[in-house]
Amino acid sequence: MRRRDSTPVRRLWLLAALALAAIVLFMTINLSGNLRYILVHRGLILATMLLVAFASGVATLLFQTVTNNRILTPSIMGLEALFILIQTATIFFIDAEGFRSLGVIGKFLGESLLLLIFSLALYRWLLTGLGLDLHKVLLIGLVFGTLFRSLSGLLQRLLAPGEFAVLQGRVFATFTRAPPEIIALASVIVLPIALAVWRLRYELDVLALGRSAALNLGVPYQQKTLTLLLLVSLLVAISTALVGPLTFLGLLIANLTYQIIGSHRHQYLLPGVFLTGTIALVGGQLVLERMLNMAGTLSVVIEFAGGALFLYLLIKKAAL
């Protein structure tokens with residue numbers, strides 16, 4: 001192996017060791033009582049965090065590669081705002097009992113499908129139909145996100161207190177409520193996406209150079225961009241439907257991965273972002289549960305840290 005590749009590989013092995021240690025500690029620390037129940041409960045939470053670490057981290061990495069901007073996240077396209085609107089509209093028009101009657105698999109598939117249909121319609125219409133460039137597509141996605149949030153706010157003000165409480169429990173991100181069947185279904189969907197993204201790792205290196213360089217090197221930029229944006233949308237839909245909206249998780253772990261790996265090659269960044277996300281989620285949950293006695297919520301801590309990083313990146317970019 002070439003010497004210049006040895007440093008990212010060593011760092012990946014270090015991340016893998018830290019991720020494995022966090023997983024082992026999370027599953028085994030303070031085991032007592034009904035071991036079978038405890039291990040199954042922790043296993044479901046662990047599986048949820050692993051799926052979210054991959055989906056959120058890889059989605060943000062792909063999105064930043066396509067847009068060539070390390071500040072942007074997929075949430076700018078309004079997908080998480082659409083998720084909240086779907087939850088609000090379902091409870092508003094069906095009511096809370098009807099919302100529960102849809103079943104966990106029905107809700108998961110319905111939410112994921114609606115998010116994917118919105119993304120497909122938006123990207124195909126704007127990128128291929130109207131021929132707009134990617135930056136205008138991002139601006140239009142931002143407008144859609146603002147529209148969805150406004151509609152959600154309007155409907156939420158008209159909900160009964162009990163229905164609003166049900167809604168708040170649904171749109172507040174948590175890693176402990178995903179049912180086993182949803183985790184299994186999400187795993188089945190994520191696995192082929194992971195394989196597809198890994199096969200594109202070398203083309204991602206070319207796309208990161210920009211549109212002109214990609215075209216000159218023989219990469220069909222428009223087609224690959226559309227494919228990657230749809231994969232990003234599907235990953236965001238899975239992550240959001242599993243645990244709820246997490247706006248800054250992907251931004252946090254993607255930018256940490258850039259600093260840790262120290263390479264622009266996606267054969268290192270893709271596994272690196274998954275391992276970094278695993279350490280952040282599993283390690284964070286472990287610290288909150290075992291050291292701080294659940295003095296806080298992991299999603300709140302992540303959003304605070306990610307929001308602070310986002311402001312730092314904006315200030316740093318403006319100062320250049």
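**Close-up views of a predicted model**

View 1. When residues up to four places away in sequence are set aside, Gly250 touches Ser56 and Thr60. Gly250 and Pro74 are separated by 176 residues in sequence, yet their C-alpha atoms are 8.6 Å apart in space.

**View 2. Ser56 in helix α2.** Ser56, a residue of helix α2, has a relative accessible area of 10% and is therefore buried, the limit for that class being under 20%. Beyond the residues up to four places away in sequence, Ser56 touches Ser239, Leu249 and Gly250.

View 3. A search of the whole structure finds 1 cavity of 30 Å³ or more, and the volume of the largest cavity is about 110 Å³. Its lining is made up of 15 residues, and those that lie nearest the centre are Ser56, Thr60, Glu80, Val236 and Leu246. Two or more lining residues come from each of α2, α11 (221-243) and α12. Divided by class, the lining of the largest cavity holds 5 nonpolar, 9 polar and 1 charged residues.

**View 4. The largest pocket.** The space in the largest pocket amounts to about 520 Å³. Around this pocket are 20 lining residues, of which Asn69, Arg70, Ile71, Asn255 and Tyr258 lie nearest its centre. Helices α2 (35-67), α12 (249-261), α13 (266-291) and α14 (298-319) each supply at least two residues of this lining, and α14 gives the most, with 5 residues. The lining of the largest pocket comprises 9 nonpolar, 8 polar and 3 charged residues.

**View 5. The second largest pocket.** This pocket has a volume of about 380 Å³, and it is lined by 19 residues, with Ser75, Ile76, Glu80, Arg149 and Thr247 nearest its centre. At least two lining residues of the second largest pocket are supplied by each of α3 (79-94), α6 (134-157) and α7 (161-171), and α6 provides the largest share, 5 residues. By class, the lining of this pocket divides into 10 nonpolar, 7 polar and 2 charged residues.

**View 6. Leu242 and the nonpolar cores.** The largest nonpolar core has 83 residues, of which Leu242 and Leu281 touch the most other members. Apart from this core lies another, of 5 residues, among them Ile71, Leu251, Leu252 and Leu309. Leaving aside neighbours within four places in sequence, Leu242 is in contact with Leu51, Val52, Phe108, Arg177, Ala178, Ile182 and Ala186.

**View 7. Helix α8 and its buried residues.** Helix α8 (residues 180-199) consists of 20 residues and reaches 29 Å from its first C-alpha to its last, close to the 28 Å expected at 1.5 Å a residue. Its buried residues are Ile182, Ile183, Ala186, Val190, Ile193 and Val197. An α-helix has 3.6 residues a turn, so residues three or four places apart point the same way. Two of the buried residues of α8, Ile182 and Ala186, are also listed among the contacts of Leu242.

Conventions
Residues are numbered from 1 along each chain as its sequence is written. This is a predicted model: local features need pLDDT of at least 70, side-chain atom pairs count only at pLDDT 80 or more; totals for chains, interfaces and linings use all residues. Side-chain values use heavy atoms; hydrogens and water are left out. Helices (H or I, at least four residues) and strands (E, at least two) are DSSP runs, numbered from the N terminus. The expected span of a helix is 1.5 Å times one less than its number of residues. Buried means under 20% relative accessible area, exposed over 50%, partly exposed in between (1.4 Å probe, protein chains only). A nonpolar core is a set of buried Ala, Val, Leu, Ile, Met, Phe, Trp, Tyr and Cys residues joined through side-chain atoms within 4.5 Å. Contact means heavy atoms within 4.5 Å. On a 1 Å grid over the protein atoms alone, a cavity is a set of points where a 1.4 Å probe fits but cannot get out, and a pocket is an open set with protein on both sides within 12 Å along at least five of seven lines; lining residues have an atom within 4 Å of a point. Grid points are joined across faces, edges and corners, and a volume is the space filled by probe spheres set on the points. Ala, Val, Leu, Ile, Met, Phe, Trp, Tyr, Cys and Pro count as nonpolar, Asp, Glu, Lys and Arg as charged, and the others, Gly among them, as polar.
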